Amino acid sequence: MKAIYIPAEITLAIELVEIDESQAFNQRFKPYVGPGYVERVSISDHRSRTEFVKGRTSVTMLVNDEGLIQRMPWNKRAGTLYGTQLHGSPIAGGAVLLGEKRMNDGDIDFCDLPEHYQNLEFWTLYFSCFGA
């Protein structure tokens, strides 16, 4: 599945990556968010978050649930999307933006990031507007 990887290190570029779906859930994202549990967090950007409608793709972010405990560096860019500046809870370590769909049974299924969010120039400009 196609996703955007946001490294914690601000000097590293964001990347469009292909996630290997054949691996177990935590193993798929470990190269990007690091060791530990993967947590799904909401994005505060109202333009990318939509009401869950069955079959419609929205955008979500996966992060390391234990990033602060593991003393990973703060991820200013992911924190900007998460709303750290509003509520004070930072994101530590790498982050992955990807699509999600609400299934008929109510479960959430992760999928390709919607195509219009796969543009790396958009994200570079977006983060630069926030000094991230």
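These are my notebook entries on one predicted model.

**Ground rules.** I number residues from 1 along each chain as its sequence is written, and my side-chain values use heavy atoms, with hydrogens and water left out. As the model is predicted, local features need pLDDT of at least 70 and side-chain atom pairs count only at pLDDT 80 or more, while totals for chains, interfaces and linings use all residues.

**Fold.** I looked up the secondary structure and found four helices and six strands. I took both from DSSP runs, numbered from the N terminus: helices are H or I with at least four residues, strands are E with at least two. From the N terminus on, I read the order as β-β-α-β-β-α-α-β-β-α.

**Burial and contacts.** I set buried at under 20% relative accessible area, exposed at over 50%, and partly exposed in between, using a 1.4 Å probe and protein chains only. Of the 132 residues in the chain, 44% are buried. For contacts I required heavy atoms within 4.5 Å. Among contacts between residues at least 6 apart in sequence, 61% join residues at least 24 apart.

**Cores.** I defined a nonpolar core as a set of buried Ala, Val, Leu, Ile, Met, Phe, Trp, Tyr and Cys residues joined through side-chain atoms within 4.5 Å. The largest one has 18 residues, and Ile-4, Ile-6, Met-61, Leu-81, Leu-97, Trp-123 and Phe-127 touch the most other members. At least two residues each come from strand E1 (2–6), strand E4 (57–64), helix H2 (76–82), strand E5 (95–102) and helix H4 (120–129). Apart from this core I found another, of 13 residues, including Ala-3, Phe-29, Val-33 and Val-96. In soluble globular proteins, nonpolar side chains tend to be buried together.

**Val-33.** I followed up this member of the 13-residue core. Val-33 belongs to helix H1 (residues 25–33) and is buried, at 2% relative accessibility. Leaving out residues up to four places away in sequence, I list Val-38, Leu-62, Val-63, Asn-64, Met-72, Gly-94, Ala-95 and Val-96 as touching Val-33.

**Two loop residues.** Ile-43 sits in the loop between E3 and E4, yet is buried at 2% relative accessibility. From Ile-43 to Thr-60 I get 6.3 Å, C-alpha to C-alpha, for residues 17 apart in sequence. Arg-71 is in the loop between E4 and H2 and is exposed, with a relative accessible area of 76%. I noted that Arg-71 has a positive phi, near 60 degrees, and is not a glycine.

**Largest pocket.** On a 1 Å grid over the protein atoms alone, I took a pocket as an open set of points where a 1.4 Å probe fits, with protein on both sides within 12 Å along at least five of seven lines; lining residues have an atom within 4 Å of a point. The largest pocket holds about 150 Å³, counted as the space filled by probe spheres set on the points, which are joined across faces, edges and corners. Its lining has 13 residues, with Glu-39, Asn-64, Leu-68, Pro-90 and Ile-91 nearest the centre. Strand E3 (38–41) and E4 are the elements that give two or more residues to this lining.

**Cysteines.** I counted zero disulfides, a disulfide being a pair of cysteine sulfur atoms within 2.5 Å. Cys-111 is buried at 16% relative accessibility, whereas Cys-129 is exposed at 60%.
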